[in-house]
Amino acid sequence: MSVSIIIKWSGQEYPVTKLTEEDTVLDLKETIKTLTGVLPERQKLLGLKIKGKPAENDVKLGVLKLKPNTKIMMMGSREESLEEVLAPPPDNDDVINDFDIEEDVIEVENREENLAKIARRVKDYKVDILNPPREGKKLLVLDVDYTLFDHRSCAESGHELMRPYLHEFLTSAYEDYDIVIWSATSMKWIEVKMKELGVTTNSSYKITFMLDSAAMITVHTPKRGVVEVKPLGVIWDKFPEFYTRKNTIMFDDIGRNFLMNPQNGLKIRPFMKAHLNRDKDRELLKLSQYLKEIAKLDDFTDLNHKHWEKEGSFSQCPSQ
């Protein structure tokens, strides 16, 4: 059953009409973010309570029993200044709090409500294509924080936080793969960071498009509650003539982002403490070799990316 809510913020009203009773408060906040630009962690929804207490992110909207066109006042501010955009996102110990997805994946991958959320993202999320998809190329989807650079350490420039061999890695990958950037932050922040790192202006490779947190969905896991994930089905359903589960691989330092597509995810070692590890980190060099090897295959679905570092793993590992 659909839910209709009106958000009042900064003197304006924003109708929310595309959510259902099965969606959560976090889903509502993500929708509000697309309408107002205010990040979920900066939103304070007044009057959205359950048993006299503010409703937590994992509470389903149906439990709140909201009347049609209920008006909810929001307090919160956008990331407006460049300094705020360049600053690290609010503290979120995702790397520390990550968990092995195997215990939850069967429970969420094919659930009807999760597939419905993907369908909604496919319909409503607008992808700005920077460079057209190329016929015959496979797809590489890359996380940003701790994957391409260290977003927590202090430095005078983005270059100092950049993961070693980033441009060499992307140049090599581009020969066989279309490259997509997907970060669990705002598009404004992604664009600034990619420009600062020289990724979107490099002449040796091109980025096909970038996705932000609004393309993600929330799923309920039996043991961990509500978590946000990056469903590759959003890309596959938007570009079915180019990308499928057979030709897609995704790098991320957070394993739970693969919950809706575990077979396509490779959990990369996080790049942290850049000032100490800049001369030691060889992760991207090794991953370049792995990408070259599996690019020879027509189908990735039998690969076990957990064993990517083992010699010959690209052809020997059974499917998960």
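**Close-up views of a predicted model**

**Figure 1. Buried residues of helix α9.** Met187, Trp189, Ile190, Lys193 and Met194 are buried in α9. These residues lie on the same side of α9, because they cover an arc of only 155 degrees around the axis. An α-helix has 3.6 residues a turn, so residues three or four places apart point the same way. Just after α9 comes Gly198, with a positive phi of about 80 degrees. The model shown here and in the other views is predicted.

**Figure 2. The whole chain.** The protein chain holds 13 helices and 13 strands. Of its 320 residues, 51% are buried. Take the contacts between residues at least 6 apart in sequence: 72% of them join residues at least 24 apart. The average pLDDT of the chain is 85, and 86% of the residues score at least 70. Residues 315-320 have a pLDDT below 50. In the model, this stretch has 15 contacts beyond near neighbours in sequence. Where pLDDT is low, the predicted coordinates should not be read in detail.

**Figure 3. The largest nonpolar core and a second one.** The largest nonpolar core has 57 residues. Ile235 and Ile249 have the most contacts inside this core. Helices and strands both contribute: α8 (166-174), α9 (187-196), α10 (233-238) and α12 (283-294) each supply at least two residues, as do β7 (138-142), β8 (177-182), β9 (207-211) and β12 (248-252). A second, separate core has 19 residues, including Ile7, Val38, Leu64 and Met74.

**Figure 4. Surroundings of Ile249.** The contacts listed here leave aside neighbours within four places in sequence.

Figure 5. At least two lining residues come from each of β2 (12-20), α1 (25-36), α6 (112-124) and α9. Helix α1 gives the most, with 6 residues.

**Figure 6. Ala214 in its loop.** Ala214 sits in the loop between β9 and β10 (217-221). With a relative accessible area of 13%, under the 20% cut-off, Ala214 counts as buried. Not counting residues up to four places away in sequence, Ala214 touches Glu30, Lys33, Thr34, Arg121 and Tyr125. Ser183 is 31 residues from Ala214 in sequence, and their C-alpha atoms are 9.7 Å apart.

Figure 7. Most residues other than glycine have a negative phi. Lys51 is not a glycine, yet has a positive phi of about 55 degrees. Lys51 lies in the loop between β4 (49-50) and β5 (53-54). Lys51 is exposed, at 82% relative accessibility. Tyr146 also has a positive phi, near 70 degrees. The loop between β7 and α7 (158-161) holds Tyr146. Tyr146 is buried, with a relative accessible area of 10%.

Methods
Residues numbered from 1 in each chain as written. Predicted model: local features only at pLDDT ≥ 70, side-chain atom pairs only at ≥ 80, totals over all residues. Heavy atoms only, no water. pLDDT = per-residue confidence, 0-100. Contact = heavy atoms within 4.5 Å. Core = buried A, V, L, I, M, F, W, Y, C linked by side-chain atoms within 4.5 Å. Buried < 20%, exposed > 50% of the residue type's maximum accessible area, 1.4 Å probe, protein only. Helix = DSSP H or I, 4+ residues; strand = E, 2+ residues; numbered from the N terminus. Arc of directions from axis to C-beta.
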